[in-house]
Amino acid sequence: MTATSFSSFRYGSAYDETAHVAARRRLEWLARTMDSAVRVPGTNITFGADAVLGLVPGFGNLATTAVSGYLIREAWRLGVPRGKLLRMVGNVAMDSLISAVPVAGNIADVFWKANRKNMAILAEHLDGSPPRGDRTHRRRHSAPYTIDGEWRRTR
């Protein structure tokens with residue numbers, strides 16, 4: 001029998017294409033389950049385990065933050081740059097702050113979908129561009145006109 005050495009394992013570059021696809025599929029399922037698993041009939045409002053677990057005082061917020069942390073850890077393993085990881089951490093921090101407010105936080109949790117936002121950041125990294133039709137993560141550009149006493153074209 002030969003012993004296997006794990007000391008040569010490197011994060012980010014260790015995944016081959018098949019592992020990237022499997023990891024992405026797993027993380028998309030996780031984000032969908034946490035943020036938008038159930039649709040309210042007759043509306044476009046969706047919620048997931050994040051909003052439901054948030055109803056459990058103390059433990060719920062801790063559990064959902066831990067799951068979101070797992071998604072960020074996997075993004076790190078997939079080689080997401082530090083700046084994007086910090087944006088992902090900011091999304092989870094905002095989600096935790098919103099969830100900390102007793103009743104309003106539970107309602108706001110339905111609308112602030114940190115895991116879906118983080119999956120958009122991960123997809124942008126893996127694909128090289130933001131996913132089509134996804135409005136959860138787009139850079140905001142300045143308006144094409146500014147007002148300095150007159151309308152001026154800035155671009």
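## Order of the elements

From the N terminus on, the elements of the protein chain follow the order α-β-β-α-α-α-α-α-β-β. The protein chain therefore has six helices and four strands, where helices (H or I, at least four residues) and strands (E, at least two) are DSSP runs numbered from the N terminus. The model is predicted: local features need pLDDT of at least 70, side-chain atom pairs count only at pLDDT 80 or more, and totals for chains, interfaces and linings use all residues. Residues are numbered from 1 along each chain as its sequence is written, and side-chain values use heavy atoms, with hydrogens and water left out.

Of the 155 residues in the protein chain, 32% are buried. Buried means under 20% relative accessible area, exposed means over 50%, and partly exposed lies in between (1.4 Å probe, protein chains only).

## Helix α6

Helix α6 covers residues 114-127. It has 14 residues and reaches 20 Å from its first C-alpha to its last, close to the 20 Å expected at 1.5 Å a residue; the expected span is 1.5 Å times one less than the number of residues. Because ten of its 14 residues are buried, α6 is largely enclosed by the rest of the structure. Among the buried residues of α6 are M119, I121 and L122.

L126 is also found in helix α6, but L126 counts as partly exposed, at 26% relative accessibility. L126 and V80 are 46 residues apart in sequence, and their C-alpha atoms are 8.2 Å apart in space. K117, a buried residue of α6, lies over the face of W112, at 4.5 Å from the ring centre. A charge sits over a ring if NZ of Lys or CZ of Arg is within 6 Å of the ring centre and within 35 degrees of the ring normal.

## Salt bridges

Side chains of opposite charge can pair when their charged atoms come close. A search of the whole structure finds five salt bridges, each defined as a side-chain nitrogen of Lys or Arg within 4 Å of a carboxyl oxygen of Asp or Glu. One of them joins the side chains of R24 and E28, at 3.1 Å from N to O. These two residues are four apart in helix α1 (residues 17-35), so about one helical turn separates them. R24 also meets D127 in a salt bridge, at 2.7 Å from N to O. Because R24 lies in helix α1 and D127 in helix α6, this pair ties together parts that are 103 residues apart in sequence. E28 is partly exposed, with a relative accessible area of 31%, and D127 is partly exposed at 43%.

E74 forms a salt bridge with R26, with the closest N and O atoms 3.1 Å apart. Since E74 lies in helix α3 (residues 59-77) and R26 in helix α1, the pair ties together parts that are 48 residues apart in sequence. Salt bridges that share partners join R26, R73, E74 and R77 into one network. Is E74 buried or exposed? E74 is buried, with a relative accessible area of 2%, whereas R26 is partly exposed at 37%.

## A nonpolar surface patch

I45, V103, I107 and F111 make a nonpolar surface patch of about 410 Å². Patches are made of residues with over 30% relative accessible area and no salt bridge; like charges are joined within 9 Å, and nonpolar side chains (Val, Leu, Ile, Met, Phe, Trp, Tyr) within 5 Å. Accessible areas come from the Shrake-Rupley method with a 1.4 Å probe, and for residues only the protein chains shown count as cover. I107 is found in helix α5 (residues 104-111) and is exposed, with a relative accessible area of 53%.
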